[in-house]
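Dear colleague,

I am passing on the structure we spoke of, with the sequence alongside.

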Amino acid sequence: MLKSKTLTCVAIGGVVLGVAVGLYLATAELPTTHAQGAQGSQPQFSPVKALTAREAYYPGTEDLAPGEMRITACGTGMPNARPKQAAACFLVELGNGDKFIFDIGTGSAERLSALAIPMDYLDKVFIGHLHSDHFGDLDALWVGGVISNRQRPLRVWGPSGATPELGTKYAVERMQEMLTWDSASRRGNVNTRGQQIELHEFDYKGINQVIYQENGVTIRSIPAIHALDGPVSFILEWNGLKLAFSSDTYPNKWWIEHTKDADIAIHECFLPPALLVEKQGWPVQDALNVGTQVHTSPAMFGKVMSSIKPRLAVAYHFFNDFDTRPEVERLVRMTYDGPLALAVDYMVINVTKDDIKVRMAVINEDVWPLPSVTAKLPADPSERIGFTEFIESGREVFADVIRKAYEDTNKRFGTNVQPPDYR
Ligand SMILES: [Zn+2]
Ligand SMILES: [Zn+2]
């Protein structure tokens with residue numbers, strides 16, 4: 001067996017080598033060919049030139065044109081975590097430099113970090129509703145953003161609820177309370193300017209109400225119908241382009257009226273009930289209720305898109321696999337025959353008035369945070385809360401290696417930071 005494998009390799013190698021030699025001879029024998037280049041007399045076997053058109057998006061390597069919009073899917077999945085798809089999150093970048101995060105579902109902060117954008121620019125979050133799969137990574141963006149050099153406050157917009165404790169303000173304040181130890185522990189150890197949260201709670205019943213208007217960008221909200229009073233959908237308008245994002249909703253009259261003719265309409269499209277039973281393991285009763293009453297089924301999604309006729313309909317909020325996509329698409333196509341993208345994480349959509357291009361991003365899993373866009377300030381040690389004497393008395397101080405770390409690091413960076421004077 002081993003012998004025959006080896007022989008096969010040799011044989012294949014021989015064929016490849018033979019072809020290469022043949023090509024070389026054929027090229028070398030030709031008096032003039034384009035393979036030899038414009039000026040050259042030397043044959044070129046394999047000119048290495050960048051392709052003019054890119055089939056993939058490599059974060060941080062492409063300018064946006066002044067009138068262009070780029071949307072990156074940073075979460076397209078479900079409340080149950082899976083490696084392939086984080087929960088709801090879409091990043092919208094505009095040619096004027098603005099960036100907006102719509103929903104920040106569990107797992108999505110990791111996706112945002114892969115896009116090689118300074119955290120100072122990822123400072124505006126619009127939350128459609130308070131399900132964890134739509135705001136569960138707000139803490140990761142908040143705390144992790146500070147560690148990743150955000151020095152601006154995090155700005156958060158979200159709807160009120162039927163009662164105050166069902167609103168965004170209540171939720172975000174409790175998140176801050178939950179992280180009381182976390183915040184206290186970082187004081188004096190990292191600069192915490194980015195820890196501030198600027199919170200904007202707006203009326204969930206507002207119909208096409210303006211909730212944001214800066215720098216030529218208008219964002220409006222419309223009510224959504226989903227699980228409880230409170231959820232909303234968003235409409236962003238800028239430079240003659242219109243993007244609508246449903247967050248979660250049952251098909252509704254506000255969406256049909258106000259998102260008509262959107263350039264990009266991103267709308268939830270839940271797994272069909274049969275797959276919720278077979279793949280997700282739910283009882284039939286729950287699959288039918290959640291799949292067609294709490295959420296929008298694929299065929300309902302198609303009806304919605306046939307009503308508003310966007311330039312591109314984007315379906316998300318289902319596990320998008322080789323064995324689910326055909327069924328979802330078949331059901332959508334029963335009721336909609338327009339342009340369609342079935343979203344998965346890292347799908348990238350470039351939009352101009354003339355063109356829409358859909359690609360996948362190729363990310364660097366070894367990504368590091370980018371520097372702050374303003375001079376990075378060190379921590380203020382006077383803010384440090386410190387330890388009780390009980391805990392402090394437990395330190396084993398390896399003064400020699402600590403001193404050496406200070407000396408070596410000071411030498412490398414030309415600084416003069418002194419080690420603490422432990423008792
Ligand atoms: Zn929801
Ligand atoms: Zn959801």
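The notes below take the metal site and then the salt bridges. Please keep in mind throughout that this is a predicted model.

The zinc ion (ligand 1) is held by His129 through NE2, His131 through ND1, His226 through NE2 and an OD atom of Asp248, at 2.1 to 2.3 Å. The angles among these four donor atoms run from 92 to 166°, and the site is classed as irregular. Along the sequence, the donor residues follow the spacing H-x1-H-x94-H-x21-D. Asp248 also bridges to the zinc ion (ligand 2), with 3.3 Å between the two ions. Since His226 sits in the loop between β9 and β10 while Asp248 sits in the loop between β11 and α7, the pair ties together parts that are 22 residues apart in sequence. His226 is buried at 3% relative accessibility, and Asp248 is buried as well, at 0%.

Turning to charged pairs, the count comes to 23 salt bridges. In one of them, the closest N and O atoms of Lys84 and Asp321 are 2.8 Å apart; Lys84 belongs to the loop between β2 and β3 and Asp321 to the loop between β13 and α11, so this pair ties together parts that are 237 residues apart in sequence. Lys84 is partly exposed, at 38%, whereas Asp321 is buried, at 12%.

Another salt bridge joins Lys404 to Asp408 at 2.9 Å, and both residues lie in helix α13, four residues apart, or about one turn of the helix. Finally, Asp98, Asp123, Lys124 and Arg152 are joined into one network by salt bridges that share partners.

Definitions and conventions: Residues are numbered from 1 along each chain as its sequence is written. Chains are lettered from A and ligands numbered from 1 in the order in which they are written. This is a predicted model: local features need pLDDT of at least 70, side-chain atom pairs count only at pLDDT 80 or more; totals for chains, interfaces and linings use all residues. Side-chain values use heavy atoms; hydrogens and water are left out. Donors are N, O and S atoms within 2.8 Å of the metal (3.2 Å for Na, K and Ca); water is not among the atoms, so sites may look incomplete. Four donors count as tetrahedral if all angles lie between 85 and 135 degrees; four count as square planar and six as octahedral if opposite donors are over 155 degrees apart and all others between 65 and 115; anything else is irregular. Helices (H or I, at least four residues) and strands (E, at least two) are DSSP runs, numbered from the N terminus. Buried means under 20% relative accessible area, exposed over 50%, partly exposed in between (1.4 Å probe, protein chains only). A salt bridge is a side-chain nitrogen of Lys or Arg within 4 Å of a carboxyl oxygen of Asp or Glu.
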